[in-house]
Protein chains: 2
Amino acid sequence: MIAEIISIGDELLIGQVVNTNASWMGELLNRNGIKVKQIKVIADDKKDILNSIDNSFKSADIILLTGGLGPTKDDITKHTLCEYFDTKLVFNEDAFSRIKEIFRLRNFKVSAVNKAQADLPESCTPLKNINGTASGMWFEKNEKVLVSMPGVPFEMKPMMENEVIPRVKAKFKTPVILHKTIMTQGIGESFLAKKIEDWENSLPQNIKLAYLPQPGIVRLRLSATGENKIKCEQIIAELIEKLKLLIGDLIFGYDNILLEEAVGESLKLHQKTVATAESCTGGYIAHLLTSIAGSSSYFKGSAITYANEIKENILGVSHEDLEKEGAVSETVVKQMAIGAHKKFETDYAIATSGIAGPDGGTEGKPVGTTWIAIAGPDGVLAEKHHFGEHRGRNIRRAALTALFMLKKIVEGKYSPE
Amino acid sequence: MIAEIISIGDELLIGQVVNTNASWMGELLNRNGIKVKQIKVIADDKKDILNSIDNSFKSADIILLTGGLGPTKDDITKHTLCEYFDTKLVFNEDAFSRIKEIFRLRNFKVSAVNKAQADLPESCTPLKNINGTASGMWFEKNEKVLVSMPGVPFEMKPMMENEVIPRVKAKFKTPVILHKTIMTQGIGESFLAKKIEDWENSLPQNIKLAYLPQPGIVRLRLSATGENKIKCEQIIAELIEKLKLLIGDLIFGYDNILLEEAVGESLKLHQKTVATAESCTGGYIAHLLTSIAGSSSYFKGSAITYANEIKENILGVSHEDLEKEGAVSETVVKQMAIGAHKKFETDYAIATSGIAGPDGGTEGKPVGTTWIAIAGPDGVLAEKHHFGEHRGRNIRRAALTALFMLKKIVEGKYSPE
C-alpha cells in the first residue's frame, strides 16, 4: 500500500508558502499504515500534472493531489483530471446545494465562478468539503486510486480524516506501523550513534531506527511494522528499556515533548519553583520556560545580568571575584546562582555565564566557553562546557544543557561528571 | 535556467519534519532568476535517488539535493552519487582538516564515522560547510549540474548562499532581477494591503509585489525585472519613497534586517543603553536583543518578574497598586519601566505586562491584553494592545511592538496614538 502526494501550486515552488499540507498528510497516512513513497510539488500546469500522475502511478497505489481547485480561472486541475480519466464535467446538484448553503451562511450571493465549482467529473465520487466550496474527487482506475483535494489546509484536513482515510482502509489492506520517538540532549548525532552501535545493529528486521537532529537535540525514532499491534508495542518497549541502560542519562522524554515542557512537568510534579540568573543566555532560558502555558506555577522570575555591575547590584556577586576571576568563571557563576536563589526565594536557581561570541574569546576562554550553575536546597553545583563558535547555537546549547541539568537535579538523578 | 529540488529523508515523508529547506531554497533561487520547476521529497533509498535524478534531469539544468549526508549509517547518498557519476570515494585532506578543526573547537576526538565524512566522490568539487562536518558536492555532466548538500538548515543555508548561487551565476546566464524587501511591523497583511491598494495597482508592468508574512511582521518584496540594473534601482527607490508616505510609520528597515538588529543599530547610533522589565514576554525581549552580536554595548540587563512579589521586590512596584489595579494595568507597567530604568541605570527601560494565555483572561482583560511601557530621559510612555488568543503569538507580538516603540522613541519619532 504505497501512496504519493502531489501538491500543486506556484506559491509552493517560489517559497512563498511552506508545504505544511504534505507533512500533515504524511504523518496521518503513516499513522494509518500507508507508506508515503514520494511527495512532489509541481506548478499549476496541465502537462506537469499529467506527467506527475503518470509517473506516480508507476509505483503508487494511491495518489493524493492537493491544490488547484479554487474558483479563480488559473486553476486547471479539474479539466486535466477529466482528460486523464477520459470523462467529462457534469453539474452536480448535491455539490451545488452545499455551495449555496455556504454562501447563505456568509450572506454572499453565489457568483457564476462559484456555481461552476459544482461541475464535477462524471466518473468520480465527489468528497464532501465541510469548510469550503470545492468538492474533493475520488477516482478509481485499474485497482488504483487518485484523490483530488483543495489546497487550503482548513478544507483539506477534515476531508482527509472523514472521507479519504475511511475509504482507503475499506479498499486496501493496511499493515500496523507503530512509532516511538526518544528525545535526547547532551551529545551530537555521531557520538550518540557510537554509544548505541551494538544496540542498533541488533535491531530486529521489522524495526527501523532514524536519527532526527534538531539544534541541540537529537531525536531517535523507532518504527515497528507488523501484523499485531500489541506485539509491536511490546518489542518497542523492550528495545527502549535496553536503550535506557546505554543512554538513560541523555533521554529527557518521548514523542516530541519539548525539553522546557519536560522540565516544567518535573517541577510541577515535585512542587518546586525556579528562577534564572542569565548572562550569556540573555533571557533565553526564561523565554523557553515561559513559552509553556501554566509556567507561572513554577517559574518566578529572572535576573538577566549582562553588565558586570548588574551582577553585583542585583545578584550580590563579589566585585573582587569579578575582577580576579572574570565573569566567566566557576566562582562567579556559583555566586550568581546563589544570589538568584536567595533573591527570588525559589527552590532552585539556574545561572549561566559564558562567551557566546562571535567576539570576546581569549586563549584561555575561547568563544563557546560556558559555565552553568544550579543552586538548590542541597547547595550549588557547577559545570563547565565548551560549545561551538556560533552565537545562536551557543545560547541554545547552554540553555538546553542548563534545563536538562535542572531536570536531573529536581528528580534526584544528577551525578556531576 | 530550470532547477529542481530533491529533498531526501524518511522524516519528511512521514511528516515528522516539515520541508522548510525546499521553500527557503525556492525563494532564494527565484530571487536569483532561477525557476524551480519541481520539488520532490524521496526516501533514503538508492533506487529512489537514482530514479529521481534521472527523471529530474529530463527537464532541469540543475538539481539541488539536500539530506542524506550525516555521519550515521542510514545515509547512502554519497555512494549512490558515486554510482550515478561513475566515480569513487577518495579521502579529501581539506575536508578532513575542517572536520578536525570543528572537533578541536568542541574539544572532542574525531571518530571513525566522522573521519569517513572526508571521503568524497573523486569527480566532484567539494563545497565548504562552515557549520558542520558534511561537505557539499558539486557535480557536472553534459552541461548540467547536480549539487548535494546536507539537510540541516544551519549547514545548507550558508552553503547555498556562499557556494552554490555564485557558482550557478558563473556557469549559467540569469536575467537581471532586483529585489528590495521592506520590513513592516504593526498591522496584518490584509490591513496593509488595504492601505497601499492604490499604490499597488499603479505598479509598472516589470515590477512585482509579494506579501511575505512572518509571525508579527509583514515583509513587502518588490522585484524589478529588466535589462538595465541602474534603471531598475531608480524605479524601486521612487516606489519606496511613495510607499513611505502611506506606511512610513510601519517600516522598521529593509532587506530582511531583524527588528532586534534595527533597534540595536539605533541604540548604538544614538549611544543609548537599554534594560527590560518583562512579565508576559518572559525574557523574550531580552533574548531577542542579546541574540545580536555586540549587544553588550547597549543592553545591560533585565528583570523578568513573573511573580508579583518579584515586581515589588526588584522593581519597586507598589503592593497597593498591584492589589488594586492588577499586574496588567497602566499603573503597574509604568512602575515596572520606571523601576528598571532606575535599577539598571540605563537610558531607556522597556516593560511589559499582559495575559499571554491560554488561561488567565477575564471579561475586562481577555487573553491577549497587553500593556507596554517605556521609561526614558523624558518620562514614561505606555500603550495598551489587544493581541490574539495564541500564547506564542502574543509573546512575539508584544516583544516586537515594544521593540519598535523603543526604536521610534530613541529616534525621536514617537507619537502616541
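**View 1. Helix 2 (residues 20–31) of chain B packs with helix 7 (residues 153–171) of chain B at an angle of about 20°, axes 11 Å apart.** This is a predicted model: local features need pLDDT of at least 70, side-chain atom pairs count only at pLDDT 80 or more, and totals for chains, interfaces and linings use all residues. Residues are numbered from 1 along each chain as its sequence is written, and chains are lettered from A in the order in which they are written. Helices (H or I, at least four residues) and strands (E, at least two) are DSSP runs, numbered from the N terminus. Helix 2 and helix 7 of chain B are therefore roughly parallel (an angle under 35 degrees). B:Trp24, B:Met25 and B:Leu28 are among the helix 2 residues in the contact; B:Met156, B:Met160 and B:Ile165 are among those of helix 7. Contact means C-beta atoms, placed from the backbone, within 7 Å.

**View 2. Strand 2 (residues 35–42) of chain A pairs with strand 2 (residues 35–42) of chain B.** The sense is antiparallel, over five bridges. Pairing needs at least two DSSP bridges. A:Ile39 stands opposite B:Val41. Across the two chains, 66 residues of chain B are in contact with 62 residues of chain A.

**View 3. A cis peptide bond joins A:Gly357 and A:Pro358.** Omega is about 0°. A:Pro358 sits in the loop between strand 15 (348–354) and strand 16 (369–376) of chain A. In chain B, the bond from B:Gly357 to B:Pro358 is cis, with omega near 0°.

**View 4. B:Glu143 has a positive phi, near 65°, and is not glycine.** B:Glu143 lies in the loop between strand 7 (136–141) and strand 8 (144–149) of chain B.

Technical notes. Axes are lines fitted to C-alpha atoms, for helices over the stretch in contact, and angles run from 0 to 180 degrees between N-to-C directions. Angles under 35 degrees count as roughly parallel, over 145 as roughly antiparallel, 65 to 115 as roughly perpendicular and the rest as oblique.
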